[in-house]
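Student: I have a new structure open and would like to go through it. Can we start with the side chains?
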Amino acid sequence: MAQSVNITELNLPQLEVLKNQLDQTAEDARDFFKRKIDFLTKQMEKIQPALQEKHAMKQAVMEMMSQKIQQLTALGAPQATAKA
């Protein structure tokens, strides 16, 4: 666990050490997130073609379903009028 320190009680060399530690921590965090962004970008590029294909298939299925519904509706309309 980190130790609590009153910064006003530190002398100049201690402050410089603390500043260097903070700078290094910030640099490590930047490096980590840059690697994470690169990894996620590559993963997105890998799955994008599959997602595009699935979207195209979904659109085709939706179009076919729409056509079938129109056909059934057209066939159902004459039957409804014939029963009346």
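Tutor: Phe33 is exposed, at 51% relative accessibility; exposed means over 50%, buried under 20%, and partly exposed in between (1.4 Å probe, protein chains only). This is a predicted model, where local features need pLDDT of at least 70, side-chain atom pairs count only at pLDDT 80 or more, and totals for chains, interfaces and linings use all residues. Residues are numbered from 1 along each chain as its sequence is written, and side-chain values use heavy atoms, leaving out hydrogens and water.

Student: Which residue forms an aromatic pair with Phe33?
Tutor: A search of the whole structure gives 1 aromatic pair. Phe32 and Phe33 form it edge-to-face, 5.0 Å centre to centre with 80 degrees between the planes. Ring centres (Phe, Tyr, or the six-membered ring of Trp) must lie within 6.5 Å; planes under 30 degrees apart are stacked, over 60 edge-to-face, the rest tilted.

Student: And what is the relative accessible area of Phe32?
Tutor: Phe32 has 39%, so it counts as partly exposed.

Student: New topic. How many helices and strands are in the protein chain?
Tutor: The chain has 1 helix and 0 strands, taken as DSSP runs numbered from the N terminus (helices H or I, at least four residues; strands E, at least two). Helix α1 covers residues 12-83, and Met65 lies in it.

Student: Is Met65 buried or partly exposed?
Tutor: Met65 is partly exposed, with a relative accessible area of 47%.

Student: What percentage of the chain is buried?
Tutor: Of the 84 residues in the protein chain, 0% are buried.
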